[in-house]
Amino acid sequence: MIRSMTGFASGSGALTPHSWAWEIRAVNGKGLDLRLRVPDWIDGLEIALRKQLSDALVRGNVTCNLRMTRDEGSGTLGVNAVQLDAVLDALHEIEARAMDAGVSLAPSKATDIVTMRGVLEQAPQVDDVPALSAALQEDFATILADFNSMRVNEGAALDQVLRSQLTEIEELTGRAKLVAAQRKDEMARILKRNLARVLDNSDGVDENRLAQELAIIAVKSDVTEEIDRLHAHINAARELLHHGGPVGRKLDFLMQEFNREANTLCSKAQDTDLTQIGLALKAIIDQMREQVQNVE
């Protein structure tokens, strides 16, 4: 199955305290152009993602974005021993002075102490970067599979369009062959009439040169080779579609050959019907060439 170069996929994941969102987009390109935007503090991540993309894709301008967020409130609570000691010392001093002044104070409770500023604090979360990188790479493999699945689906639609266009080209080529055969006798009569006219006025003309010129005229009016080559190109294109894979470059080259034969057919036509067929061929070939630009 052929694949389209265009595609899109997105997804999200999480590994406490981090969460992330992926987005992959691709458009047509002559080669494989990868543009990644990923956090540079995750060592080796970009290299690993590039390898996954390079292994899975052949052509296209591909953009991959990774947006990450961190839940700063996900750490555990801990006692700040230094601050607690300071608070306890302050309470002790206050109680001692109150006793000296004859003032009675209610006993302090633990719940009163923990609410004092700085006694309880959020313990810093230490990132396990290797584990995070591994989780991201595993998640990315799933996103990349979805991305390629979309390219395959679009490729299936492209395959149907291209096969339909090849059928139309084949039908037009068959009509061109029929018209060329029907005009063969007429072209022969025209050639004989021109030959007789030339011979009647050929005193002193080099017979070999005359024969060469007449042969050139005959060749220029014969479209058999062009028709045969068009049929060969049709078969070659169908073979490429049958085998599938990254055949976009080969199909693009074939489209140039298709167009060359159609142009030559028009220039040799010397017949209204054959010229119309040649123009129709050029139109459908141009439409097919536009579709081929999407094939990987």
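Predicted model: local features only at pLDDT ≥ 70, side-chain atom pairs only at ≥ 80, totals over all residues.

Entry on helix 2. I looked up residues 81-100, which form helix 2 with its 20 residues, and found that the first and last C-alpha lie 29 Å apart, close to the 28 Å expected at 1.5 Å a residue. By the cut-off above, Val87, Leu91 and Ala98 of helix 2 are buried. These residues cover an arc of only 35° around the axis, which means that they sit on the same side of helix 2. I then checked what covers the buried residues of helix 2, and helix 3 (110-114) is included there. On the face turned away from the buried side of helix 2 I noted the exposed residues Val82, Asp89, His92, Arg97, Met99 and Asp100. Just after helix 2, I found Gly102 with a positive phi of about 75°.

Entry on helix 4 and helix 7. How do the axes of helix 4 (residues 129-182) and helix 7 (residues 224-243) cross, and at what angle? I found that these axes come within 10 Å and cross at roughly 165°. An angle over 145 degrees counts as roughly antiparallel, and helix 4 and helix 7 are therefore roughly antiparallel to each other. I recorded the crossing of helix 4 and helix 7 as left-handed. Among the residues that make the contact are Leu162, Leu166, Ile169 and Ala176 of helix 4, and Ile227, Leu230, Ile234 and Leu241 of helix 7. The contact also includes Asp159, Arg163, Glu170 and Lys177 of helix 4, together with His231, Arg238 and His242 of helix 7.

Notes. Residues numbered from 1 in each chain as written. Heavy atoms only, no water. Helix = DSSP H or I, 4+ residues; strand = E, 2+ residues; numbered from the N terminus. Expected span 1.5 Å × (residues − 1). Buried < 20%, exposed > 50% of the residue type's maximum accessible area, 1.4 Å probe, protein only. Arc of directions from axis to C-beta. Contact = heavy atoms within 4.5 Å. Axes fitted to C-alpha atoms, helices over the stretch in contact; angles between N-to-C directions. Parallel < 35°, antiparallel > 145°, perpendicular 65-115°, else oblique. Left-handed = near helix turned anticlockwise from the far one by under 90°.
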